[in-house]
Amino acid sequence: MLATIIAWIVISLVLLSFGDILIHSYNKLCKQKEEYNLPDIFILGMCFILIPLSSTSFWLPSNHYILLAFIIVSIIYWAFNKERLKDRIKKAKLTLSTLSSFHLIIILASVISILSFVIWSSCVFDGAFYHHQNIRWNEEFAAVPGLANLEDRFGFNSNYLLISAIFSFRFMFGEPLYALQSTLFVYITCWLLTELIKSNFKIKHIIASIIFLVFFSINSELLCDSSTDIVPNLCTFYFILKFVFYPNLFKDQLLFVILLPISLVTFKLSTFPLSFASLYIIILYLKKKTWQPVLFCAAVATSIIFVWFARNIIVSGYLVFPLHEVDLFSFDWKVPGSVAKLERWGIHGYAKKVFYETVTTWHYLRHAVLTYKIYLINNSFIMLSFISIAISPLIVLYSYIKKKAVNHVYYILYISSSIYILYWAVSAPDFRFANGIILSSVFIILVIFLGDKADGSINLKNPTLIAFSLILLFSGIKKTQNYYKLLHLEYPEIRTKSFASILCIPYGAKDQAKARGVSIKFEEYRIKDDIIIFLSEDETGRTFDQLPATANIGLPFQHHSKAQDVRTIGLRGKTLQEGFRTKKEYLDILDSMIKEITGKEYK
C-alpha cells in the first residue's frame, strides 16, 4: 500500500510536470490560452514524455536513471516557473473549496477504495506471458534489434510497456509495480465525482457515473496488473465523457483533441479511428487560417509517431507489427513475414471466438454461473451495450427528426465512435480491446436520446454519492477478503508473504502464482556458449519477469501460443543487446507450416 502511494506521487510529479511543460510551450509559442484540468494535464504529460523517453531508449535502458533525469527536469521547471506553480495550487485549492466536508470524505473514501483494490495483482495471462518480461527488457536494455524473434508479441511495442519501465520502481522495492493505470484511474474518478457535484447532479452526469462503475467492474482486474488495454480504454472513455459534459471545449482544446488520439495509437493500434474526431477541429482551424496551433500539434504528434515507428523497426523489422503488408525493410533481424501473418490470424481468430462466447454466454455457463456471478453480471452489461449500439442509428435518427436539443459535438463524437466500433468489429471483436469506446458510446446514445432532459437534475444527491463510494469500497473489501481466503486459508502451507505485507507492497503476480501452487521453473538453453535463454516449463508458457526467457515450445516443432521455437533463432552478435534473428534454414519451414495453419479456421 505504501509502495503504491509512493508510485502515485512520483508518477503524478513527472507526468503533471511534463504535461504543464507542453501546455505552457504551446500557449506561449502559438499565442493561445488553452486551459486544462488535472486529468488533462496528466494525460498530455503521458503523451509528451513519449518523445524523450523513446528517443533515449535507442541508446539507453529506460530505467530509474531516466526516471531520475525526468524528476530533475520537473523540479527545475517548477523552480523557474514558481508563479505558474502557485497558480496551479491556487486553482486546486479553489476547486476543493467548492466541495463540502461530506463531498471530500466521499472522494477520499473512493480513492482509499481504489488503493485497497489495486494492492492485489490479478496475474492476468498476457501480463505473466510477455508484459512483465517486456517491461524488464525495456528497463535493462536499450531497444534490442529483432527482439520479436524471441517472442513475437514483443513486436507490438506498446508504449504502455515503455512508460511502465521507468515507473516500475524495481530499484526501490525489489519487485515491479504497475501503477500507471491506477494513478490515471484515481484522477478520472476524482474528476467524475467533482463534476457530478458541480453539475448539481444532472441526469447525464449520473448516467456517466453508473456507466463508469460498469467500466470499473469489467476492467477491475486490469487495474492491478500490467495491461496494454486499460490505459487506451480509460483515455477514450474520459475523452468522450469530457466533451459530452463540455461540448464547447471541443473546439477550444486543440492540443488535447489532436495529441491524445494520436498518442493512443502507440499504446494500442486499434484506437486509431478515434483520430477522426480530431479532423473536424483541424478543418475548423485551417478554415480560420490559424496555422500555428495546428502546426505545433502536428509537429508533436509526428514526433511521437516517428520515434514509435523507429522502435518498431528495431524490435521487429516492420513499421508496424504485425502489419506484414507494409513490408519496407530487409534487415537481418526482421521477423519472418509468415510469423507476422500467424500473429494477425491469431489475434483476429481469438477475438472472434471471445465475441461468440460473450454473445452466447457460453464462456460463463461452461464455468458454472454460481461460481462466476460477477462475470455473468458483466456479460449482461456487455450484451446491453451491444444491443444499444446496434439500434443506435435509429435512436440518433429519431432524435434528429424530432429536433431534440442536441449539441452538434455529440453527433461528431457519435460518428467517430461508430467508425471506431465498426473497425473493432471487423478486425478483433474482443470486448476487452475496446470497452472504453463501447461504454462511452452507450453514454452518448443515451444523452442524444434524452435531449435537453439530460441536463435536468434529481433530488437524490447524497444517496447517489454514497452509493458510488460504497460500491467502490465494497469492491476493495471483497477483493481483499477473497484473496485472504485464497492465499492464506486455502494454501497456507505455500504462501510466500504474510497478509500484513500488503501494507508495504502489493501482492504481486509471482507471489500469487506461487501461493496457488503454480510451478515457476525454467530449463536452460544455451543460445551461445556464455548466454542462456530460460525456457518456461509452465504449460501456458508464462515467463513472468524472468529475463531472458520464452516458452519451451513453438513452431516448427509444436504448435503453441508462441510462434517460433527458440531453436529457430540465433544471436546477431556476442551479446543480448545486439539482438536476435531467425536462422535462414528455418524460414521456408516456418512459411510452409504457417501457411497450412492460417489456411484453417482458428480454434
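Tutor: In this predicted model, Phe 321 is in contact with Asp 152, Gly 155, Phe 156, Ser 316, Val 335, Ala 340 and Glu 343, once its neighbours within four places in sequence are left aside. Phe 321 itself belongs to the loop between helix H16 (291–316) and helix H17 (337–360). Because its relative accessible area is 4% and the cut-off for a buried residue is under 20%, Phe 321 counts as buried. Between Phe 321 and Asp 452 there are 131 residues of separation in sequence and 45 Å in space, taken from C-alpha to C-alpha.

Asn 134 is part of helix H7, which covers residues 125–140. When residues up to four places away in sequence are not counted, Asn 134 touches Phe 154 and Leu 161.

The largest nonpolar core comprises 178 residues, and Trp 137, Phe 239, Phe 250, Leu 255 and Phe 580 have the most contacts inside it. Helix H1 (residues 2–30) supplies the largest share of this core, namely 14 residues. As for Phe 239, the residues in contact with it, apart from neighbours within four places in sequence, include Phe 250, Phe 256, Val 257, Leu 260 and Pro 261. Leu 274, Ala 277 and Leu 413 are also among the contacts of Phe 239.

Conventions. Residues numbered from 1 in each chain as written. Predicted model: local features only at pLDDT ≥ 70, side-chain atom pairs only at ≥ 80, totals over all residues. Heavy atoms only, no water. Helix = DSSP H or I, 4+ residues; strand = E, 2+ residues; numbered from the N terminus. Contact = heavy atoms within 4.5 Å. Core = buried A, V, L, I, M, F, W, Y, C linked by side-chain atoms within 4.5 Å. Buried < 20%, exposed > 50% of the residue type's maximum accessible area, 1.4 Å probe, protein only.
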